[in-house]
Amino acid sequence: MAAWKRITVGAAMAGVAVAAVVGFGQASKPAAAECPVCPLPVAKADAAVALEWTGPADVRVNRPAEYTLTVRNVCAHPVQAVAVQVRPPQHAKLTAPEAARETDGVWVFDVGTLDAGKSVPLKMTLTHTARGEGKCQAWVTCTGTAGMKVDVKEPKLEVALNAPKSVAVNDSFKVGFTVPNTGNAPAEFVRYELKRIDELPRFHPVAFQTTLPGGHEQGGIKSLAPTSSEGASSNETVEAAGNAVYEFTATDSDGQQVTTRATVRVIAPKLNVSVTGPKDLLVNRKATYTVRVDNVGEIPVKNVAVSTPVPADWRPEAMGTRQFPELAPGASATFTFAGIPTAAGTATFSADVTGDRNAKATGSFTAAVDGVPALRMETVDAVDPVEKGQETTYEIRVTNTGTKADANVVVSCPLPGALQLVSATGPVGHTATNLPGLTQVKFEPVRELAPNVEVVYRVKVKAVAAGDVRFKAELNSRHLTTSVVKEESTRVYGE
């Protein structure tokens, strides 16, 4: 049996191909060098790979023999792109695994990366076809690596915005902010900006930009040291209800930008005022009304004042302005006022309420003022007593003493048989109708009789029979439910 022999045929450094049949080549170890730009140590590549053959030293012609080519990393760090190439003897045939590939009579084994101290066996079969010495060549190529360690630091800005959740209008409050650097390197040239981004009116709008106060100055650049923070605050006042939105932004020279927002709910006082009382009134009759003020908001209201203007054509009683020191949320206050309407029409009662923080409210109430017609009728005779055959005149006066006009005012006079109609005059025409035992004198309707207006009717008669004669006048109108009757007694004497 042929003797087996281990043969070291080569060693390679990174980027250098080594080929040998016998012998061992060890590369010298490269020295470390200093980088001319920074003080980091730089290690040059120091990669070494050894090749070792194992297999029979004596073989027979045309008889296959198995060999192993071991690839070993003999340096202290991984080597990359390890590739082994084998050129068989001139009169020999090489049989290799499927992983190997043949190019121009050279077999290539791609090993790849070899960690430090690791080895890979490459198995193959050689069959010599002629007598003599067969020399098999193998060489290896590889790529070494070099590394360095750098401590990378980073500033990290954070922002916090502190503001109350809710405030009352016109009250002063603070919006505070802090900028901490939670990184491990200084944040340079830190700037911040606080601004309002809503549309609510304000006494002094916030819009400013500045560097953080108290930072460490270095080379003209303001910096915020790691694990430190800066802060400030702004005094604010908002004069209208709504949401006041504040936006805070911090930036540094490295391009960091962090933004946060805070919303402050601004609450306005809310008052409600109502007026209640009778809806239908009569002229010259006293009416009393009640005013109620309610605080329907979320905050107290101080210095509440309520005024009740006097409607036109009214005579006030207990009207004017009322004061209340404070109304708490949910509280109410009431008072009454009175007046006397002096004319018919529509009366509107209003109540205006004011308070601190620009609190305002208005309430109103409308009532209908109506008048009452009142007709008064008077009759008088011009001559009394009157001699038979002579004439006398009856005067009828109708006056509207009420506060409202009356309509369709009609005066009629039924003359007894002892009186004979001579003539009749008045604001309107008349008719005379002879009936059994009497003569009916009826004036046409007066379409409208306004308040404080008087109309006069005259009926001239001739006394045709002696005795106690009764002259009667009847009055009717739209608003009279029963007739008004007046009688005038006249004594007629003679044969």
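Is R72 buried, exposed or partly exposed? I looked this up first, in what is a predicted model. R72 is partly exposed, and its relative accessible area is 27%.

**Entry: the pair R72 and E52**

I then examined the partner of R72. The side chain of R72 forms a salt bridge with that of E52, at 3.1 Å from N to O. I noted E52 as buried, at 15% relative accessibility, because buried means under 20%.

**Entry: other salt bridges**

I found 16 salt bridges recorded for the structure. One of the pairs I looked up is K460 with E391, whose closest N and O atoms are 3.4 Å apart. K460 sits in strand β41 (residues 454-463) and E391 in strand β35 (residues 391-400), so the pair ties together parts 69 residues apart in sequence. K460 is partly exposed, at 31% relative accessibility. E391 is also partly exposed, at 36%.

I next took up R470, which forms a salt bridge with D468; the closest N and O atoms there are 3.6 Å apart. For R470 I noted a relative accessible area of 46%, which is partly exposed. D468, at 51%, counts as exposed, because the exposed class begins over 50%.

I also recorded a network of salt bridges that links E395, R397, E454 and R458.

**Entry: the largest nonpolar core**

Which residues have the most contacts inside the largest nonpolar core? I noted I396, V398 and Y457, in a core of 28 residues. The elements that give two or more residues to this core are β33 (375-381), β35, β36 (406-416), β37 (419-425), β39 (438-443), β40 (446-449), β41 and β42 (467-476). Strand β41 gives the most, with five residues.

Leaving aside neighbours within four places in sequence, V398 is in contact with R376, M377, V409, V411, L449, V453, E454, V455, Y457 and L475. E454 in that list is also a member of the salt-bridge network noted above.

Apart from this core I found another, of 27 residues, which includes V283, A287, A333 and A361.

**Entry: an open sheet of four strands**

In what order do the four strands of the open sheet stand? I read the order as β24-β26-β30-β28, with antiparallel pairing. The edge strands are β24 (271-276) and β28 (314-317), each of which pairs on one side only. From one strand to the next, the twist averages 25 degrees.

Strand β28 is joined to β30 (residues 332-341) by four bridges, and the two run antiparallel. R315 has I340 of β30 as its bridge partner.

**Entry: the pairings of β15**

How many bridges join β15 to strand β21? I noted nine, with β21 (residues 229-237) running antiparallel to β15. The bridge partner of F173 in β21 is E236.

Strand β15 (residues 172-180) also pairs with strand β13 (residues 160-162), in the antiparallel sense and over three bridges. There, N162 has G176 of β15 as its bridge partner.

Terms used. Residues numbered from 1 in each chain as written. Predicted model: local features only at pLDDT ≥ 70, side-chain atom pairs only at ≥ 80, totals over all residues. Heavy atoms only, no water. Pairing = 2+ DSSP bridges. Axes fitted to C-alpha atoms, helices over the stretch in contact; angles between N-to-C directions. Salt bridge = Lys/Arg side-chain N within 4 Å of Asp/Glu carboxyl O. Buried < 20%, exposed > 50% of the residue type's maximum accessible area, 1.4 Å probe, protein only. Core = buried A, V, L, I, M, F, W, Y, C linked by side-chain atoms within 4.5 Å. Contact = heavy atoms within 4.5 Å.
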